[in-house]
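Biologist: I am new to reading models like this one. Please put it on the screen and take me through it.

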Amino acid sequence: MLRLRTPTSHAWLAAVLGDLNAFIKDHAANERKASASAVQLAVQYPDRRPLVAAMVELAREEMEHFVRVYGVLVARDQTLAPDGPDPYMSALRQMIRKGNVMEYLLDRLLVFGIVEARSCERFTLLAEAVPDPELRELYADLMRAEARHHSLFVRLAHDLVSTQAVAARLNQLLDAEAIIVDALPPRSAVH
């Protein structure tokens, strides 16, 4: 598992438990966006068959997660929320190099892998703390999925460039992600 440089704060968990409905709405939006991002990667790199196959499967799984989280919203008599800015993702996207096609793809894969690792960590916290047993089970299940997704993105990065190049860039992005996480105020959102 990817070693995040900084743990999620207790204040984040308190914010989520203080407004669980807002969190679940944000979580639904994140699952939908993750599915769309996987489709986008598949379409943008049609000649990379292993990447396309992996992203098609990932898009399907993320959409299944969206359906599950939407079911939780309905059961709680809630609705989907309109999309809003995600300061975490906005900051991470700024770290993606855009000048070279290979660097751009590598950075996207590694950033997505880091996002999955952070989600895994946070779903683990929720699975241990949320009072509703059905939600605990959901987040325990999704935590395992996020771990698989993290590994998938890192494996795909290794298919592009050398192990040393992946490690060097991953270390840079992990350092940046830690600064981002530590600087953001806690809110009832996945990130």
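Biologist: What radius of gyration does the protein have, and what would a compact globule with 191 residues have?

Modeller: The radius of gyration is taken over C-alpha atoms, and the globule rule is 2.2 Å times the number of residues to the power 0.38. For 191 residues a compact globule would have a value near 16 Å, and the protein has 16 Å, which agrees. Its C-alpha atoms fill a box of roughly 45 × 30 × 25 Å along the principal axes.

Modeller: Some ground rules. This is a predicted model: local features need pLDDT of at least 70, side-chain atom pairs count only at pLDDT 80 or more, and totals for chains, interfaces and linings use all residues. Residues are numbered from 1 along each chain as its sequence is written, and side-chain values use heavy atoms, leaving out hydrogens and water.

Biologist: How many helices and strands does the protein have?

Modeller: Both are DSSP runs, numbered from the N terminus: helices are H or I with at least four residues, strands are E with at least two. Here there are 7 helices and 0 strands.

Biologist: What share of the residues is buried?

Modeller: Buried means under 20% relative accessible area, exposed over 50%, and partly exposed in between, with a 1.4 Å probe and protein chains only. In this protein, 47% of the 191 residues are buried.

Biologist: Which residues have the most contacts inside the largest nonpolar core?

Modeller: In soluble globular proteins, nonpolar side chains tend to be buried together. A nonpolar core is a set of buried Ala, Val, Leu, Ile, Met, Phe, Trp, Tyr and Cys residues joined through side-chain atoms within 4.5 Å. The largest one here has 32 residues, and Leu-41, Met-55, Tyr-88 and Leu-109 have the most contacts inside it. Helix α5 gives the largest share of this core, 8 residues. Apart from it lies another core of 21 residues, among them Phe-66 and Leu-142.

Biologist: Which residues does Leu-109 touch?

Modeller: Contact means heavy atoms within 4.5 Å. Not counting residues up to four places away in sequence, Leu-109 touches Leu-41, Leu-51, Phe-153, Leu-156, Ala-157 and Leu-160.

Biologist: Is Asp-77 buried or exposed?

Modeller: Asp-77 counts as exposed, at 70% relative accessibility. This residue is found in the loop between α3 and α4. Asp-77 also has a positive phi of about 60°, although it is not a glycine.

Biologist: Where does Arg-3 lie?

Modeller: Arg-3 lies in the segment before α1 (10-18). Arg-3 is exposed, with a relative accessible area of 70%.
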